[in-house]
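Reader: Please take a close look at one part of this model and describe what is paired and packed there. Give the cut-offs behind each term as it comes up.

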Amino acid sequence: MEDPDATLLISDVAREVLFEIAPQEMPIFPAASRAYFADPQSALKQAQPKDDVLGFGVDALAVVVTPAVLYVLSKVFELLTGVAKKAIEDGLAKEISEVIRAMFKKFHSSRSEIPSVLTREHIGLIHSNVLQAAKKLRLPAQQAQALANAVTAQLVLPKE
């Protein structure tokens, strides 16, 4: 990813998601995220479970969730970029990265000047996209669901 703001945002949210679903990887997160952003395909390939290792009962995925989380959040960022662009086209005058930042709970304040542009449908779409990305990465169903739930839990729902 060439946009340093996007990389920083994805890393910040990934750290929160990883803390929730794979806290044992927090010590390796800085190195793993640098490796991912330097070469996403290589990082993902190295993180793929090896069938021969799994035959010995070793849960190889327990140590390599970080690249999957970064990949999924990169895809979510792409989707949110589209939502933010649409919101800007419809009259929001803030920069796209600021609009996306406001979509995540971590950066959202109750006094935020940026209205939430996400709808429940957007969040449902993001959830299903995360599940599809996790399936592509061959994550176990339970871990894929936990990842999708953790990612969407980071987003701010509009006030009713």
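Author: Arg15 and Asp12 are joined by a salt bridge between their side chains, with N to O at 3.1 Å; the term requires a side-chain nitrogen of Lys or Arg within 4 Å of a carboxyl oxygen of Asp or Glu. The model is a predicted one, in which local features need pLDDT of at least 70 and side-chain atom pairs count only at pLDDT 80 or more, while totals for chains, interfaces and linings use all residues. Residues are numbered from 1 along each chain as its sequence is written, and side-chain values use heavy atoms, with hydrogens and water left out.

Both Arg15 and Asp12 belong to helix 1 (residues 4-21), where they are 3 residues apart, about one turn of the helix. Helices are DSSP runs of H or I with at least four residues, strands are runs of E with at least two, and both are numbered from the N terminus. Arg15 is partly exposed, because its relative accessibility is 33%, whereas Asp12, at 14%, counts as buried. Here buried means under 20% relative accessible area, exposed means over 50%, and partly exposed lies in between, with a 1.4 Å probe and protein chains only.

The count of salt bridges comes to 2. Another pair is Glu78 and Lys75, whose closest N and O atoms are 3.8 Å apart. Glu78 and Lys75 sit 3 residues apart in helix 5 (residues 66-89), so about one helical turn separates them. Glu78 is partly exposed at a relative accessible area of 49%, and Lys75 is partly exposed at 36%.

Helix 5 also packs against helix 1: their axes are 9 Å apart and the angle is about 130°. Axes are lines fitted to C-alpha atoms, for helices over the stretch in contact, and angles run from 0 to 180 degrees between N-to-C directions. Helix 1 and helix 5 are therefore oblique to each other, since angles under 35 degrees count as roughly parallel, over 145 as roughly antiparallel, 65 to 115 as roughly perpendicular, and the rest as oblique. The crossing of helix 1 and helix 5 is right-handed; a crossing is right-handed if the near helix is turned clockwise from the far one by less than a right angle, and left-handed if anticlockwise.

On the helix 1 side, Ala6, Leu9, Ile10, Val13, Ala14, Val17, Leu18 and Ile21 meet Thr66, Val69, Leu70, Leu73, Ser74 and Phe77 of helix 5, where contact means heavy atoms within 4.5 Å. By class, this contact of helix 1 with helix 5 has 12 nonpolar, 2 polar and no charged residues. Ala, Val, Leu, Ile, Met, Phe, Trp, Tyr, Cys and Pro count as nonpolar, Asp, Glu, Lys and Arg as charged, and the others, Gly among them, as polar.

Helix 3 (residues 40-47) meets helix 5 as well, with axes that come within 9 Å and cross at roughly 135°. Helix 3 and helix 5 are therefore oblique to each other, and their crossing is left-handed. Ala43, Leu44 and Ala47 of helix 3 make the contact with Pro67, Ala68 and Tyr71 of helix 5. The contact of helix 3 with helix 5 has 6 nonpolar, no polar and no charged residues.

As for the setting, the chain has 8 helices and 0 strands. Buried residues make up 43% of its 160 residues.
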